[in-house]
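Student: I would like to go through this model step by step. Please show the sequence and the structure first.

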Amino acid sequence: MEGYDDGKVSCTDQGLVIRHYYFPSGAKHIPYSAIREARRVPLGPMGRWRIHGSGDLVHWFNFDARRPRKGSAIVIHLDGRVRPVVTPDDPDRAAAVLAAHGVNVTTGSEWGLY
């Protein structure tokens, strides 16, 4: 399966790249082997209007000016406390590529994103 890249989120052969994660423009690179779970969740008002950063010190959103018009997110569960949250332009495709690389992709809810 080919990768995924929408300019903000990229699934490469090596791992997940989250652009504009660090202020003002630094990217976060996460090897697929470091991802314990990628949870697809509905994006409520609290998450939808979070353009960048964190409101609860657990979920960290990369910069995405189009997030208020999106309805779902993918929460990346790692070993640490902070969970990166991405809102790909095509969440179905991004989730499929993550799964093709061996990532456990689930659906559900996530406290703090409503």
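Student: How many bridges join strand β5 to β7, and do they run parallel or antiparallel?
Tutor: The model is predicted. Strand β5 covers residues 37–42.

Student: Which residue in β8 is the bridge partner of Val75?
Tutor: Strand β8, residues 83–86, is joined to β7 by two bridges, and these strands run antiparallel. They form a hairpin with five residues between them. In β8, the partner of Val75 is Val85.

Student: How many of the six residues of β7 are buried?
Tutor: In a regular strand the side chains alternate between the two faces of the sheet. In β7, Ser72, Ile74 and Ile76 point one way, while Ala73, Val75 and His77 point the other way. Residues of both sets are buried. The count of buried residues in β7 is six of six.

Student: Is Asn62 buried or exposed, and what is its relative accessible area?
Tutor: Asn62 sits in the loop between β6 (59–61) and β7 (72–77). Leaving aside neighbours within four places in sequence, its contacts include Lys8, Ile18, Tyr21, Ile51, Arg67 and Val85. Buried means under 20% relative accessible area. Asn62 is buried, because its value is 1%.

Student: Which residue has its backbone oxygen 3.1 Å from a polar atom of the Asn62 side chain?
Tutor: Among the residues in contact with Asn62, leaving aside those within four places in sequence, are Arg19, His20 and His52. A polar contact needs an N or O pair within 3.5 Å. The backbone oxygen at 3.1 Å from the side chain of Asn62 belongs to Arg19.

Student: Within what arc do the buried residues of α2 fall, seen down its axis?
Tutor: Helix α2 spans residues 91–100, and its buried residues are Pro91, Ala94, Ala95, Val97 and Leu98. Seen down the axis they line one face of the helix, because they fall within an arc of 160°.

Student: Which exposed residues does the face of α2 turned away from its buried side carry?
Tutor: The buried residues of α2 pack against β1 (4–5), β2 (9–11), β5, β7 and β9 (105–107). Exposed means over 50% relative accessible area. The face turned away from the buried side carries Asp92 and Ala100.

Student: Which residue that follows α2 has a positive phi?
Tutor: Helix α2 covers residues 91–100. The phi in question is near 90°. The residue is Gly102.

Notes: Residues are numbered from 1 along each chain as its sequence is written. This is a predicted model: local features need pLDDT of at least 70, side-chain atom pairs count only at pLDDT 80 or more; totals for chains, interfaces and linings use all residues. Side-chain values use heavy atoms; hydrogens and water are left out. Helices (H or I, at least four residues) and strands (E, at least two) are DSSP runs, numbered from the N terminus. Buried means under 20% relative accessible area, exposed over 50%, partly exposed in between (1.4 Å probe, protein chains only). A polar contact is a pair of N or O atoms within 3.5 Å; within protein, one must be able to donate a hydrogen and the other to accept it, and residues adjacent in sequence count only if both atoms are side-chain atoms. Contact means heavy atoms within 4.5 Å. Two strands pair if DSSP finds at least two bridges between them. The arc is that of the directions from the helix axis to the C-beta atoms.
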